[in-house]
Structure formats: structure tokens, C-alpha cells
Amino acid sequence: NAFSSGIKVKIAFYQQGKKVIIKNREPYFYKLQSACEEMLVSSDGALLEAILKEHISRIKNEDRAVEITYSKPKEFKIKFSQSIIKIDRILIPLGANKIIYGNKLYSSGPFFNRKGTYKIEECLTIMGIISKEAKP
């Protein structure tokens, strides 16, 4: 629970440079948050890939992505590595199997999850943020 730890959570949706802030009053806010966090913790592995500022701005300006930011670092236990990471941000490009995360900055070596982003897209569709027809 985001409140018990005193951590405030913000979620933003990016679509070709447009940013939509998702209010935590939205009925699906926590379902969306948990779909994103579940994709992170149930990752299948890490990619040997550098994540530069340019990659992040390209994702936000050219793709569709969900970004979660935490007011202070939050711990997650990652199943594939059995390690605990402490992060304050997650960025998930839709339609990719990639989870980019970090603390203060995004880290290299993003995770991948073969299950993909369909649960996240489902939440966004129900919330009316994306339409079913819209495919990148």
C-alpha cells in the first residue's frame, strides 16, 4: 500500500509528447500502479542496454509510455535475480517488453518481461486514456 509507507505515487501517461497526469482519485489508479509494479517484479531478466537521457526523451516524445514516480525510493524484490532494488521511478513503453527504472536517474540494464504490457494497456483503455483501436 502506497500510503502505509508514506510514499506518494504519481503516474503520468505519455503519448507522442503529450503528457497526461493520472489522478490518484481515478478508480483504476491503483490497478494501473500494481500492473506496472507487477511487470517490474516478475521480469524475466535484464537487458545489456545503456539508457541515456536521449532514450528517455525519445520514448516520451515518440512513443506511448507509463511513468510512475515515487516521492521517496521504494524497495522491490525482483523474482528472476532474487535481489532487492530501491528505486523512485519506473518507465514502461507500451507494446515493448521493457521496464526502465532508476533512482534519481534511469539506470542502464532495463528489465524485460515476456508477458508484455497488455494488463497496463487494459487499465488505460478502461480509464479512457487509450482507445482499443490505437496501435502504434
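Where in the structure does Q82 lie? Q82 sits in the loop between β4 and β5; helices (H or I, at least four residues) and strands (E, at least two) are DSSP runs, numbered from the N terminus. The model is predicted: local features need pLDDT of at least 70, side-chain atom pairs count only at pLDDT 80 or more, and totals for chains, interfaces and linings use all residues. Residues are numbered from 1 along each chain as its sequence is written, and side-chain values use heavy atoms, with hydrogens and water left out.

**View 1**
Q82 has a positive phi of about 55° although it is not a glycine. With a relative accessibility of 52%, Q82 counts as exposed. Here buried means under 20% relative accessible area, exposed over 50%, and partly exposed in between (1.4 Å probe, protein chains only). P27 is found in another setting, the loop between β2 (18–22) and α1. P27 is exposed, with a relative accessible area of 72%. From the C-alpha atom of P27 to that of K86 the separation is 27 Å. These two residues are 59 apart along the chain.

**View 1. The largest nonpolar core.**
A nonpolar core is a set of buried Ala, Val, Leu, Ile, Met, Phe, Trp, Tyr and Cys residues joined through side-chain atoms within 4.5 Å. The largest one has 30 residues. L32, L40, I120 and L124 touch the most other members. At least two residues of this core come from each of β1 (9–15), α1 (29–41), β4 (64–78), β5 (83–93), β6 (98–103) and α3 (118–126). Helix α1 gives the largest share, seven residues.

Contact means heavy atoms within 4.5 Å. Leaving aside neighbours within four places in sequence, L40 is in contact with F76, I78, I85, I87, I90, I99, Y101 and F111. A second, separate core has seven residues. Among them are I51, I56, L91 and I100.

**View 2. Strand β6 and its partners.**
Two strands pair if DSSP finds at least two bridges between them. β5 and β6 pair in the antiparallel sense over three bridges. L91 stands opposite I100 in β6. The β5–β6 hairpin has four residues between its strands. In that turn, G95 has a positive phi of about 80°. β6 also runs antiparallel to strand β8 (residues 111–112), joined by two bridges. There, K98 has F112 in β8 as its bridge partner.

**View 3. The β6–β7 hairpin and K104.**
β6 pairs with strand β7 (residues 105–106) in the antiparallel sense, over two bridges. N103 has L105 in β7 as its bridge partner. One residue lies between the strands of this hairpin. K104 is in the loop between β6 and β7. Its phi is near 70°, a positive value in a residue other than glycine. K104 is exposed, with a relative accessible area of 62%.

E121 is in helix α3. E121 is buried yet has no salt bridge. A salt bridge is a side-chain nitrogen of Lys or Arg within 4 Å of a carboxyl oxygen of Asp or Glu. The nearest side chain of opposite charge, R64, is 4.2 Å away; Lys and Arg count as positive and Asp and Glu as negative, while His and the chain ends are not counted. The side chain of E121 makes a polar contact with the side chain of T117 (2.4 Å). A polar contact is a pair of N or O atoms within 3.5 Å; within protein, one must be able to donate a hydrogen and the other to accept it, and residues adjacent in sequence count only if both atoms are side-chain atoms. Leaving aside neighbours within four places in sequence, E121 is in contact with R64, L94, G95 and I130.

**View 4. Salt bridges.**
The count comes to six salt bridges. One of them joins the side chains of K74 and E37 (3.2 Å, N to O). This pair links distant parts of the chain, 37 residues apart: K74 is in strand β4, E37 in helix α1. K74 is buried, with a relative accessible area of 17%. E37 counts as buried at 12%. The side chains of D44 and R114 also meet in a salt bridge (3.5 Å, N to O). D44 lies in the loop between α1 and β3 (45–46) and R114 in the loop between β8 and α3, so the pair ties together parts that are 70 residues apart in sequence. D44 is partly exposed at 29% relative accessible area, whereas R114 is exposed at 61%. K60 forms a salt bridge with E67, with the closest N and O atoms 3.2 Å apart. Both K60 and E67 are buried.
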